Every structure is written in structure tokens, then in C-alpha cells.
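Work through the exercises below with the coordinates open. Each task is followed by its solution.

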Amino acid sequence: MTRKKRIYITESGEIRTIIRGKKYRIRHRIPKEANGGEYGWSPMRTVYGTIADARVALEEYRLELEAEINGDLVNQAFAEYADAFHQHRVEAGVVAQSTLDRERAQIKRICGILGKKDIGEITLADVNAAYDRLRREGVTQTGINSFHRKLNQIMTKALKEEVIPRNPCLLVEASEVR
């Protein structure tokens with residue numbers, strides 16, 4: 001099976017000032033590979049707020065366009081992906097049953113905290129907030145480390161499958177987990 005090469009939007013995009021400090025229009029240049037051999041422009045979007053708000057919206061729009069161009073799974077909840085991850089490991093038959101049982105419990109705990117969020121929208125702040133919540137709940141450091149390893153394993157798999165653009169767990173400092 002040949003995989004289609006992933007298409008990225010590499011240009012910075014365009015922000016047009018409509019009313020300075022209040023209203024902007026944004027768009028991106030679409031690569032020719034995604035547009036039938038010719039460069040094109042995405043539809044314009046209006047952003048209300050400051051130029052900083054327009055820059056943030058431009059980056060979010062880029063990620064949305066890349067996901068659309070590449071046919072990524074859009075709006076997939078973390079819990080759905082984590083369940084599929086676990087089911088794949090069960091069906092592979094190479095992991096001991098006791099390990100699978102422990103993994104199921106870990107995934108259940110992670111999904112209790114992050115499960116409803118879109119997997120592509122989980123940020124470093126969400127990950128750190130999850131660790132803080134576990135500390136407040138009285139979870140031991142060993143438990144937090146176990147949580148981090150399993151979350152990182154799931155997010156790394158999603159990154160390799162190109163479901164998400166980056167793994168926020170890789171940005172966590174070792175001192176923040178411990």
C-alpha cells in the first residue's frame with residue numbers, strides 16, 4: 001500500500017487590515033499539489049479583534065486547511081483514539097493480558113481527564129493541567145509518571161499516523177512530571 005505524501009502549507013499566509021485594531025481578513029496560499037497543479041488561495045475569513053488575534057486565527061486556519069487537504073481525522077475525541085489504540089494492541093496479541101488490563105485502567109483515567117477534547121487540540125497547557133489535577137487528587141509520583149508514559153505513548157502513535165501535527169507530551173519538562 002503506497003501512502004500519499006502529506007501536503008503542508010509552508011507560506012505564512014496573509015492578514016489584511018479592514019479596520020485597524022478591530023477587523024481583519026485572513027487567508028492562506030494553497031500549494032499546487034493540493035490544487036490540481038496550480039497555486040491558489042483559501043477562502044478569506046474575517047477575524048474580529050487585535051492583530052494578535054488575527055495571527056492566532058491564521059495559524060488555526062492553516063492547521064484546519066492542512067487537515068482538510070490531507071484527509072485527516074477531524075474532530076476525533078481523544079477517548080475515541082485511545083480506545084482504538086488499546087483495541088489494536090489487544091488484537092495484535094503480543095502484549096500480556098495483565099499488561100492490557102493495567103493499560104485499560106490507565107487509559108480510563110486519562111480519558112476521564114482529557115477524553116472529550118479533540119486529540120488535535122490537546123496542548124501543553126492541557127497536559128500540565130492534567131498533572132496538576134492528579135497531584136490535587138493525591139496520586140503518587142509513580143502514578144503521575146505512569147500516566148505521562150501512557151499519554152505520551154498514545155500521542156506519539158497519533159503523531160506517527162499523522163492524526164496530530166505535534167505531540168505536546170514531548171514539550172513537558174522532566175521536572176514538571178516529577
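**Exercise 1.** Determine how helix H4 and helix H5 pack.

Solution. Helix H4 covers residues 124–136 and helix H5 residues 141–160; they pack at about 150°, with axes 10 Å apart. Axes are lines fitted to C-alpha atoms over the stretch in contact, and angles run from 0 to 180 degrees between N-to-C directions.

The model is predicted: local features need pLDDT of at least 70, side-chain atom pairs count only at pLDDT 80 or more, and totals for chains, interfaces and linings use all residues. Residues are numbered from 1 along each chain as its sequence is written, and side-chain values use heavy atoms, leaving out hydrogens and water.

**Exercise 2.** Which residues in H4 meet which in H5?

Solution. From H4 come Val127, Ala130, Tyr131, Leu134 and Arg135; in H5 they meet Ile144, Phe147, His148 and Leu151. Contact means heavy atoms within 4.5 Å.

**Exercise 3.** Describe the protein chain as a whole.

Solution. Count the elements: 6 helices and 5 strands. Their order from the N terminus is β-β-β-β-β-α-α-α-α-α-α. Next, the C-alpha atoms fill a box of roughly 60 × 45 × 25 Å along the principal axes. Finally, buried residues (under 20% relative accessible area, 1.4 Å probe, protein chains only) make up 37% of the 178 residues.

Note on methods. Helices (H or I, at least four residues) and strands (E, at least two) are DSSP runs, numbered from the N terminus. Buried means under 20% relative accessible area, exposed over 50%, partly exposed in between (1.4 Å probe, protein chains only).
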